[in-house]
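Hi there,

Here is the structure I promised to pass along. Have a look at it first, and my notes follow below.

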Amino acid sequence: MSKHQWQTLGLGTLAGFRSMTAPALLSSNLLTYRPHALAGSPLRYLQKPLVAHGLKLLAAGEMTADKMPQMPDRITPTALLGRAGAGALVGATLYKINHDSQWRGALLGGVAAIAGSYLSFFLRKKATEGSGLPGGLVGGLEDLLTVGSGLALTKGSHAGEPESRRWAL
């Protein structure tokens, strides 16, 4: 698997944990690398400071709202749709940057987000029941895991920087 495929799989999964965190981290990273492959594409807006900062605010709001008891489960159909959309956005962007099929990237990112939603739902439920800790505290630990993993996938590996092209002989 190539670097952008792994990043799509990882960030897509994280979009299942927190839907806005993966796009926010990727958009923030794109402010640094500004790949030319996004020029002329609607995805180029992810390189705009206003969009990057807006996504960070949405991610912070989502992390806060997630601790509220009246929030629906992340595996409800509407929540899954939003998480799949966030994963698809991340995947399409990473694939476009690397001159690969945006549709394959969107599909991989969306499927990873759905899998991440179910994984995180059952892990959090099990952790809350097994530890006896309040759900909000377990959710806060989940936030730390999500942000830390997302930073490793974006900043640590230069998600916005395209892979070098290989010469085919």
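Predicted model: local features only at pLDDT ≥ 70, side-chain atom pairs only at ≥ 80, totals over all residues.

As for the surface, the accessible area of the protein chain is about 9,000 Å². Carbon and sulfur atoms contribute 69% of that area. Of the 169 residues in the protein chain, 42% are buried.

On to the fold. The protein chain has six helices and zero strands, giving the pattern α-α-α-α-α-α along the sequence. The radius of gyration is 16 Å, close to the 15 Å that the globule rule gives for 169 residues, so the protein chain is as compact as a globular protein of that length. The C-alpha trace spans about 60 × 35 × 30 Å along its principal axes. Among contacts with a separation of 6 or more, 77% are between residues 24 or more positions apart.

I also looked at one residue in detail. Threonine 21 sits in helix H2, which covers residues 21–33. Is this residue, threonine 21, buried or exposed? Its relative accessible area is 4%, under the 20% cut-off, so threonine 21 counts as buried. Which residues does threonine 21 contact, leaving aside its neighbours within four places in sequence? They are Ala59, Glu62 and Met63, together with Thr146 and Val147.

Conventions: Residues numbered from 1 in each chain as written. Heavy atoms only, no water. Helix = DSSP H or I, 4+ residues; strand = E, 2+ residues; numbered from the N terminus. Rg over C-alpha atoms; globule rule 2.2 N^0.38 Å. Buried < 20%, exposed > 50% of the residue type's maximum accessible area, 1.4 Å probe, protein only. Contact = heavy atoms within 4.5 Å. Areas by Shrake-Rupley, 256 points an atom, 1.4 Å probe, with all protein chains shown as cover.
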